[in-house]
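Please open the model in a viewer and keep the sequence panel at hand.

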Amino acid sequence: MTNIIRRLFAMFGRVPDSLLLLLTRIGIGFVFWNSGQTKVDGFSIRPEAIDLFRDEYRLPLLSPELAAPMAAGMEHILPVMLFIGLGSRFAAIGMFAMTAVIQIFVYPDAWSVHALWFAALGWIIVKGPGNWSLDRMFAGNRL
């Protein structure tokens, strides 16, 4: 039995980080993309999105009329950057900051979900996007 477990662990050890980073980029990217899609109708911000920021999210320092389009824009731009692997670390930092705002000001009881988001985004920030990215293509071995 121990030999089977060792072989299994050895097999998992051969999975390239780049594959896991690609899956992480796509997975966390879609969390934000899907959230952004709920805030827009074509290229317009839904009135319901502004109401959501006014009535439920209630962010300090930002008016709902400013916060809704900012969030929707970032929830579309940053995931695309992750999907193609362009400016991946910057995109992940932006999403990390958005997650911190959500955790602190909007849904403080959702820490278990946000911990997973922080972990996924932290993995990208620390390791970079992996070999299957435009970042790697442009940076060569310097990434």
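**First stop: an exposed loop**

Select Leu61: with a relative accessibility of 89%, this residue counts as exposed, where exposed means over 50% relative accessible area, buried under 20%, and partly exposed in between (1.4 Å probe, protein chains only). The model is a predicted one, in which local features need pLDDT of at least 70 and side-chain atom pairs count only at pLDDT 80 or more, while totals for chains, interfaces and linings use all residues. Residues are numbered from 1 along each chain as its sequence is written, and side-chain values use heavy atoms, with hydrogens and water left out.

Leu61 belongs to the loop between α3 and α4; helices (H or I, at least four residues) and strands (E, at least two) are DSSP runs, numbered from the N terminus. The phi angle of Leu61 is near 75°, a positive value in a residue other than glycine. Arg58 counts as exposed because its relative accessibility is 59%.

**Second stop: the whole protein**

Seven helices and two strands are present, in the order α-α-β-β-α-α-α-α-α along the sequence. A box of roughly 60 × 40 × 25 Å, taken along the principal axes, is filled by the C-alpha atoms. Of the 143 residues, 33% are buried.

Switch to a surface view. The protein exposes about 8900 Å², of which carbon and sulfur atoms supply 69%; such areas come from the Shrake-Rupley method with a 1.4 Å probe, and for residues only the protein chains shown count as cover. Colouring by charge comes next: the mean positions of the 12 positive and 10 negative charges are 20 Å apart. Here Lys and Arg count as positive and Asp and Glu as negative, with His and the chain ends not counted. Each charge is placed at NZ of Lys, CZ of Arg, CG of Asp or CD of Glu.

Select Ile28, Phe32, Leu78, Leu82, Ala91, Ala92, Met95, Met98, Trp117, Ala120, Leu121 and Ile124, the twelve residues of the largest nonpolar core. Such a core is a set of buried Ala, Val, Leu, Ile, Met, Phe, Trp, Tyr and Cys residues joined through side-chain atoms within 4.5 Å. Two or more residues of this core come from each of α2 (17-37), α4 (64-84), α5 (88-106) and α6 (111-127).

Centre the view on Leu121. Not counting residues up to four places away in sequence, Leu121 touches Ile28, Phe32, Ala92, Met95, Phe96 and Thr99; contact means heavy atoms within 4.5 Å.

Select α6 alone. Its 17 residues should span 24 Å at 1.5 Å a residue, and the end C-alpha atoms, 23 Å apart, agree with that figure; the expected span is 1.5 Å times one less than the number of residues. The buried residues of α6 are His114, Trp117, Ala120, Leu121, Gly122 and Ile124, and they pack against α2, α4 and α5. Just after α6, Gly128 takes a positive phi of about 85°.

Leaving out residues up to four places away in sequence, its contacts are Arg25, Met81, Leu82, Ile124, Pro129 and Asp135.

Move to Phe83, in helix α4. Phe83 counts as partly exposed because its relative accessibility is 23%. Beyond its neighbours within four places in sequence, Phe83 is in contact with Arg25, Ile26, Gly29, Phe30 and Trp33.

**Last stop: Ala49**

Finish at Ala49, in helix α3. With a relative accessibility of 3%, Ala49 counts as buried. Ala49 touches Lys39 and Ala68, residues up to four places away in sequence being left out. The C-alpha atoms of Ala49 and Asn131, 82 residues apart along the chain, are separated by 37 Å.
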